[in-house]
Amino acid sequence: MRLMMVVGVRPQVIKAAPLIDLLSRDSEVDFQLVYSRQHYDYEMSKVFFNELNLPDPIVNLEVGSGSHAEQTANIMLRIEPVIEKLKPDVVVVLGDANTTLAGALAAVKMRIPVAHVEAGLRSWDLSMPEEVNRVLTDHCSQVLYAPTKVAVRNLRSEGIPEYMILQSGDTMYDSILRHLKDVESSKILDELGISDEPFIVVTAHRAENVDFFDNLSKIVSALLKLRRVKIIFPVHPRTMKRLVEFDLKRKLEKASHIIMTKPVGYFDMLRLIKDAKAVLTDSGGIQKEAFILGTPCVTMRSRTEWVETIMLGGNVLVGADERLIVKEVMHAISNSDAIEKRLLSIPKPYGDGCASEKIVEDLKKRYFSGELKVGPIKPFQMAFSSKP
């Protein structure tokens, strides 16, 4: 089976890592890894490739930055001749980036079956570009690997036939479990000089938070008010650009309780999340990582696709509301030990740590049985069925 996997941003590298490991060692699979370089962060992504001991991509599309339309169109234009040349039997896409949708659209229009890993997530907010990407990708894929029961339910409710869906578990959960020893070996706490004091971790990169002065200034103001706790802030390049542009960087630099760093490696980031009293973020992946590692999370968004983190009491949504950010972070810090104990004791909604194995075996079974193909959906009568 010639299997092409398309990735383009760092979170996809993390999600893909356990799959890449299995697929690149499988004698029944001719594995083709394509990297879109959706942003300007290939060097940062390269750190993740090295840490996770992953092979280099055989193709780098060198797409770079641009508007959502530009990126999606450029990835489609550049990957089409790659698909034509390498002739994959199936294309695997992950998550909800522009790379995800572009890879799926290009493949399915060339009648190459698409497998979507991390299918079925919904924030129910089409103002989020990621929501548009994940919905459209789900509906042009031939097999959908849903990480949770809620994700499966979402796909069923949208009329996707049962035979196309597998509740696989979450590959990011697989990755965390496989690297817990590496996380414990991280020296980041010593390097930052915070091994003996409580701290929180902050990340912010979403356009609605960092591209608008009002929202970014509220977030900065909230961080300045949280002076009773040390703050570790790995700053995304996009965010740093805006902090400088809006003349907010100097305010953070003057605050003695805030440590701004460049983006850190995967193991270092997990160590920071694991040892923090709380996490303040707008990242989807970090919400989930904090939940898995037992750290309370405060999310600077009004909606989330990772609804289980809310339902099970590990996460709260605050948007870019300065007052709510301060209030909920302080509440999380005050109750962090109790929250951690509860989160680590409850069953995880993300599977048993073997999602990657299930996905690989299912893909091979579907391909070698001849059922993995682009064509009419089998149970067309499903839409008219009286069954619930």
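This is a predicted model: local features need pLDDT of at least 70, side-chain atom pairs count only at pLDDT 80 or more; totals for chains, interfaces and linings use all residues.

Q: OK, how many salt bridges does a search of the whole structure find?
A: It finds 32, a salt bridge being a side-chain nitrogen of Lys or Arg within 4 Å of a carboxyl oxygen of Asp or Glu.

Q: What does Lys288 pair with?
A: Asp170, with the closest N and O atoms 2.7 Å apart. Lys288 sits in helix α15 (residues 284–293) and Asp170 in the loop between β7 (165–167) and α7 (171–178), so the pair ties together parts that are 118 residues apart in sequence. Helices (H or I, at least four residues) and strands (E, at least two) are DSSP runs, numbered from the N terminus.

Q: And is Lys288 buried or exposed?
A: Buried, at 0% relative accessibility. Asp170 is buried as well, at 2%. The cut-offs are under 20% relative accessible area for buried, over 50% for exposed and partly exposed in between (1.4 Å probe, protein chains only).

Q: Which residue does Glu253 bridge to?
A: Lys249, with the closest N and O atoms at 2.9 Å. Both lie in helix α13 (residues 249–254), four residues apart, about one turn of the helix. Glu253 is partly exposed at 45%, and Lys249 is partly exposed at 25%.

Q: Which residues are linked in a network?
A: Asp96, Glu131, Arg134, Arg301 and Glu305 are linked by salt bridges.

Q: Switching topic: what's the volume of the second largest pocket?
A: About 430 Å³. Of its 23 lining residues, the closest to the centre are Gln142, Tyr163, Met164, Gly375 and Ile377. On a 1 Å grid over the protein atoms alone, a pocket is an open set of points where a 1.4 Å probe fits, with protein on both sides within 12 Å along at least five of seven lines, and lining residues have an atom within 4 Å of a point.

Q: Last one: which residues form the nonpolar patch on the surface?
A: Leu126, Val132 and Leu136, with about 270 Å² of accessible area together. Patch residues have over 30% relative accessible area and no salt bridge, and nonpolar side chains (Val, Leu, Ile, Met, Phe, Trp, Tyr) are joined within 5 Å, like charges within 9 Å. Areas come from the Shrake-Rupley method with a 1.4 Å probe.

Key:
Residues are numbered from 1 along each chain as its sequence is written. Side-chain values use heavy atoms; hydrogens and water are left out. Grid points are joined across faces, edges and corners, and a volume is the space filled by probe spheres set on the points.
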